[in-house]
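Visitor: I have a protein model to look at. Could you take me through it in short steps?

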Amino acid sequence: MTFRTRYTGLIANYRDRLPVSENTRLISLGEGNTPLIKLENIPDLLNKKVDLYVKYEGLNPTGSFKDRGMTMAVTKAVEDGAKAIICASTGNTSASAAAYAARAGITAFVLIPDGKIAQGKLAQAMMEGAVILQIKGNFDDGMRLVKEVAEHAPVTIVNSINPYRLQGQKTAAFEIVEELGRAPDFHCLPVGNAGNITAHWIGYSEYACSVGDKVTESCAYCDGDCKFAKEAIVNSRPKMVGYQADGSAPFMRGEMVDNPETVATAIRIGHPQSWDYAWKVKEESGGWFDECSDEEILAAQKLLAEKEGIFCEPASATSLAGAMRDINSGKITEGSCVVCTLTGHGLKDPDTAIKQSTGPVIKVDAELEQVKAAILDNLS
Ligand code: AN7
């Protein structure tokens, strides 16, 4: 037999499209290469003919898409001699920063909002040895403080305002195009800071344009000066669709939101850092923004788990909640190829999952008759 080459992470895999040199020490945990799963039951329930895929980013090493950006950001920070990194976070960025800092042997400082971070994420940052600053404020307060303190202390910011983050995250689009053999018609994402939707657009654009022979317009980010474009691999890009939680939806309000609230704590963000880029992505791609209620988000999370066996965290389900609504209404047309990014794993937030689970937990004596009766009562 021929043995497979060991997968060693996305920088090694896409080295020629990322800002690293042969001598760069790669800080990697084998991130990327996540499954693109075709949904089999939900399209039938919707009674619509669509090819609906989920990109299960919860299967990255720390359980979210943040690892794609963090491997690049920490690799470059270490290359530049940094001894410490810092981020504000609704949870996943802190878990990822802590892990990659541990791997690199440097310090991670993480600012998290008091009481509004899912337990799994907190457990990760604590176990991975981050210095955790729990602030009396929300993500947006933390982000402001991070920017300020980085002017006064020797720390490298690893939030998505660090350009290396988006470079790492663009590789998710590469993987999707390679596996589908084309770009999807629609790509749906949950939007918080709007870094990920921007990063995907960079990736799709890079695969669709070639230096000296542009088949598409330039992307929001490079403005026609892409350092990594080679020859075009595909000749189209998807419409990018960004969904927000309705209590935390600055892109729907058309302005920053000061007191964002949502059960999807990962996207409880009122002042998105990639505001201008995201508007350009929407315009260039012909996509749109929309919002989902907390009820819709939780219902989509549950449906995905119950009907497809895929467990994502609430924020991630926002992409599917919005996509299902737009497929139903016909805004996403039948016959389309649709990809929804599931940004984080369901195990990140066990409390919210258990709270909304109505499934039977039946208490029985440790005795055959009662176990048998319970089984016979519950056969569907
Ligand atoms: C599961 O961890 O901002 O629109 O500090 O964890 O790129 O911000 C998390 C964001 C979607 C939104 N889904 O992505 C943080 C943080 C999950 C997330 C988003 C986040 P962006």
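Some questions and answers on this model follow.

Guide: This is a predicted model, in which local features need pLDDT of at least 70, side-chain atom pairs count only at pLDDT 80 or more, and totals for chains, interfaces and linings use all residues. Residues are numbered from 1 along each chain as its sequence is written, and side-chain values use heavy atoms, leaving out hydrogens and water.

Visitor: How many disulfides does the count come to?
Guide: A disulfide here is a pair of cysteine sulfur atoms within 2.5 Å. For Cys312, the nearest cysteine sulfur is that of Cys340, 9.9 Å away. By this rule the count is zero.

Visitor: Is Cys312 buried or exposed?
Guide: Buried means under 20% relative accessible area, exposed over 50%, and partly exposed in between (1.4 Å probe, protein chains only). Cys312 has a relative accessible area of 0%. So Cys312 is buried.

Visitor: How are the rings of Phe251 and Trp275 paired?
Guide: Rings of Phe, Tyr and Trp (its six-membered ring) pair if their centres lie within 6.5 Å; planes under 30 degrees apart count as stacked, over 60 as edge-to-face and the rest as tilted. Here the centres are 4.7 Å apart and the planes at 25°. The pair is therefore stacked.

Visitor: Which residues form one aromatic cluster with Phe251 and Trp275?
Guide: Phe251 is buried at 3% relative accessibility, and Trp275 is buried at 17%. Their cluster also takes in Trp279 and Phe289.

Visitor: Over which ring does the charged end of Arg17 sit?
Guide: The rule asks for NZ of Lys or CZ of Arg within 6 Å of the ring centre and within 35 degrees of the ring normal. The charged end of Arg17 lies 5.6 Å from the centre. The ring is that of Phe174.
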